Amino acid sequence: MTNQELIAALAKRLGWTQRQTSEVLEATVSIINSNLEDGNSINIQGFGLFETKKKGERISVNPVSKQRFLVPPKISLAFRPGQTIKDNLKNLEVNE
């Protein structure tokens, strides 16, 4: 599903215009981004948990040249689906 398809489906379900729906979706994504940048986790009930994880620096080896190099630390995004999503996916696999 593309962004435009999501906006169209939300607009139809809510009875809003696509412009209103687009603005609300952009505001929601902006709030989520700013909270994740601040290091806060976001729990959307019935959907899942978005959180940032800090990965420390590590030593990696090039398999061809056997040269070792240091990989710097980084922050990555992690998503853990909620129980509702897990249950829906299990039912989907069984029925197909």
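1. A residue counts as buried when its relative accessible area is under 20%. Phe-50 has 18% relative accessibility, so Phe-50 is classed as buried. The model discussed here is a predicted one.

2. Phe-50 belongs to an aromatic cluster that also takes in Phe-47 and Phe-79. In total, three aromatic pairs are present in the structure. One of them joins Phe-47 to Phe-79: the rings are tilted, with 5.4 Å centre to centre and 45° between the planes. Phe-47 sits in the loop between strand 1 (42–44) and strand 2 (48–55), while Phe-79 is in strand 5, so this pair ties together parts 32 residues apart in sequence.

3. Phe-47 is partly exposed, at a relative accessible area of 36%. For Phe-79 the value is 36%, and Phe-79 is likewise partly exposed. Phe-79 also forms a tilted pair with Phe-50, at 4.8 Å centre to centre and 40° between the planes. That pair links distant parts of the chain, as Phe-50 is in strand 2 and Phe-79 in strand 5, 29 residues apart.

4. Leu-14 is part of helix 1, which covers residues 3–14. With 44% relative accessibility, Leu-14 is counted as partly exposed.

5. There is also a positive surface patch, formed by Lys-53, Lys-55, Arg-58 and Lys-74. Of these residues, Lys-74 is located in strand 5 (residues 74–81). Strand 5 also holds Phe-79, the partner of Phe-47 in the pair described above.

Terms used:
Residues numbered from 1 in each chain as written. Predicted model: local features only at pLDDT ≥ 70, side-chain atom pairs only at ≥ 80, totals over all residues. Heavy atoms only, no water. Helix = DSSP H or I, 4+ residues; strand = E, 2+ residues; numbered from the N terminus. Buried < 20%, exposed > 50% of the residue type's maximum accessible area, 1.4 Å probe, protein only. Patch = residues over 30% accessible without salt bridge, like charges linked within 9 Å, V, L, I, M, F, W, Y side chains within 5 Å. Areas by Shrake-Rupley, 256 points an atom, 1.4 Å probe, with all protein chains shown as cover. Salt bridge = Lys/Arg side-chain N within 4 Å of Asp/Glu carboxyl O. Lys, Arg positive; Asp, Glu negative; His and termini not counted. Charge placed at Lys NZ, Arg CZ, Asp CG, Glu CD. Phe/Tyr/Trp six-rings, centres within 6.5 Å; stacked < 30°, edge-to-face > 60°.
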